Amino acid sequence: MKKRIAILGSTGSIGVNTLDVISGLGSRYVITALTADSSIRLLAHQARKYRPKIIFVGTELLAKKIKPLIPSGTEVVFGRDDLSRIVSRSDVDLVVFAISGSACLIPLVEAIRAGKAVALANKESLVSAGEIIMKLARKHNVKIIPVDSEHSAIFQCLNAIGKEFLTKIYLTGSGGPLLKVAKDKFDSLPRNFILKHPKWKMGKKISVDSATMMNKALEIIEAKHLFGMDDKSIEVLIHPEAIIHSMTEFKDGSVLAQLGTPDMRLPIQYALTYPDRAGGVVKRLDFSMVKALTFLKPDFRKFPCLGLARTAARRGGTSPAVLCASDEEAVKNYLEGRIRFSDIPKIIEKVLSRHAEITGPSLSDILKAERWAQEEARILCRR
Ligand code: NAD
Ligand code: MG
């Protein structure tokens, strides 16, 4: 039987790559739903090519605009509740979560409640509400298949050796665009430099997060929840070649790594075909081109976001949600030219320090903490 797929955020970097992978996999997959916030031209093009039953856009006005551009058999919806309704449809087997930021959380919860298979690229939802999501997934017997390349690597290693033997995770990262830039030069760099990652082509939010190393920081918390590890057993390693996508150490000292060309289509494809594997569109690794595999310790002084995430992870409760939401708001303001690059970690630190965290939070506590942190960060950015 064909796998029926909904892609949330189909017009973004992960979304476009997902459609590319599906085209490469052939007729075993059918697209039921595609969603975008505002890129209606691209969404209309995707709707004509993949003929989904339903598409979602952010507003009523955009829904009106896109209608004449898509096949008559495709329904258009808008509004937040519709996103949740899409993921619960009976003709959806697997949902790919490729929306960036906090907007993913509620539809993710709804998909798990509806018992859908989940391919999760969005990391912010797991960072903010990891305990609730993982608990809900266990309750509804839903397997969350990570798409983030590091977590896919760890997930693949753990399919070879059981988690009961896992003692440590080495979370690798290329170091981002600022690895070789002195800290006092950060604010003089144009935004284009910050947005141009040396190894991966990604959306704007995650590209800025890669430059501040908040991306790696969020990935520590993401790994903690996905693999049930204490954050003390997760070590970040800078690996500029980005050939090893993460490593797992086991009880006897044996280390397993997953390697491949730095191409998100590989972890995306594995999430779609899991537990099987298929031929596909991804280029093979050519070891004659790989001159060396090098590793460095991350610089916590140069990249304070790493330390902030450690603090938030240890405080737990609503703190990771506050970390995430204040980062999202600070990054948005940086992209809009309102604050300097070096202000991003300062704003997050300030918001975290003002937060009176709630332990064992409910989903509504988390959403409330996110709104509070967003507002606090917004005020600080406008000062
Ligand atoms: P992107 O900015 O390129 O795309 C985001 C998509 O989400 C777009 O389709 C956009 O229309 C949609 N969207 C944004 N805000 C929305 C909202 N409020 N409501 C509904 N839809 C909305 O982002 P991306 O780089 O593809 O990243 C997506 C997620 O995947 C992020 O959480 C990111 O951390 C994670 N991720 C991305 C990569 C990558 O290579 N790009 C790698 C690992 C993890
Ligand atoms: Mg990653």
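## A network of salt bridges

Lys123, Asp148, Glu150, Lys216 and Glu219 are linked in a network of salt bridges, a salt bridge being a side-chain nitrogen of Lys or Arg within 4 Å of a carboxyl oxygen of Asp or Glu. By this rule the count comes to 26 salt bridges. Side chains of opposite charge can pair when their charged atoms come close.

The model is predicted: local features need pLDDT of at least 70 and side-chain atom pairs count only at pLDDT 80 or more, while totals for chains, interfaces and linings use all residues. Residues are numbered from 1 along each chain as its sequence is written, chains are lettered from A and ligands numbered from 1 in the order in which they are written, and side-chain values use heavy atoms, with hydrogens and water left out.

Arginine 80 forms a salt bridge with aspartate 37, and the closest N and O atoms are 3.9 Å apart. Since arginine 80 lies in helix α4 (residues 80-87) and aspartate 37 in the loop between β2 and α2 (40-50), the pair ties together parts that are 43 residues apart in sequence. Helices (H or I, at least four residues) and strands (E, at least two) are DSSP runs, numbered from the N terminus. Arginine 80 has 49% relative accessibility and counts as partly exposed; buried means under 20% relative accessible area, exposed over 50%, and partly exposed in between, with a 1.4 Å probe and protein chains only.

In a second pair, arginine 354 forms a salt bridge with glutamate 376, with 3.1 Å between the closest N and O atoms. Arginine 354 belongs to helix α14 (residues 343-354) and glutamate 376 to helix α15 (residues 363-382), so the pair ties together parts that are 22 residues apart in sequence. Arginine 354 is partly exposed, at a relative accessible area of 40%, whereas glutamate 376 is buried, at 18%. Helix α15 also holds arginine 378 and glutamate 375, which are three residues apart and therefore separated by about one helical turn. The side chains of arginine 378 and glutamate 375 meet in a salt bridge (2.8 Å, N to O). Arginine 378 is partly exposed, with a relative accessible area of 27%, and glutamate 375 is partly exposed as well, at 36%.

## The seven-stranded sheet

Seven strands form an open sheet with parallel pairing, in the order β4-β3-β2-β1-β5-β6-β7. The edge strands, β4 (75-78) and β7 (144-146), each pair on one side only; two strands pair if DSSP finds at least two bridges between them. From one strand to the next, the twist averages 25 degrees. Axes are lines fitted to C-alpha atoms, for helices over the stretch in contact, and angles run from 0 to 180 degrees between N-to-C directions.

Within this sheet, strand β1 (residues 3-8) and strand β2 (residues 29-35) run parallel and are joined by six bridges. Isoleucine 5 stands opposite isoleucine 31 in β2.

## The four-stranded sheet

A further open sheet has four strands in the order β9-β8-β10-β11, with mixed pairing. Its edge strands are β9 (234-238) and β11 (255-259), each of which pairs on one side only. Neighbouring strands of this sheet are turned against each other by 20 degrees on average, direction ignored.

Strand β10 (residues 244-250) runs antiparallel to β11, and four bridges join them. Methionine 247 stands opposite alanine 257 in β11. Helix α10 (residues 214-227) packs on the sheet and touches β8 (166-173) and β9; the direction of the helix makes about 150 degrees with that of β8. Contact here means heavy atoms within 4.5 Å.

## A buried glutamine and a nonpolar patch

Glutamine 46 is found in helix α2 and is buried, with a relative accessible area of 3%. Not counting residues up to four places away in sequence, glutamine 46 touches Ser10, Thr11, Val16, Leu19, Leu34, Arg51 and Pro52. The C-alpha atoms of glutamine 46 and isoleucine 70 are separated by 9.0 Å, the two residues being 24 residues apart along the chain.

On the surface, Leu259, Phe287, Leu293 and Phe295 form a nonpolar patch with about 340 Å² of accessible area together. Patches are made of residues with over 30% relative accessible area and no salt bridge, where like charges are joined within 9 Å and nonpolar side chains (Val, Leu, Ile, Met, Phe, Trp, Tyr) within 5 Å. Accessible areas come from the Shrake-Rupley method with a 1.4 Å probe; for residues, only the protein chains shown count as cover. Phenylalanine 287 lies in the loop between α11 (265-273) and α12 (305-315) and is exposed, with a relative accessible area of 52%.
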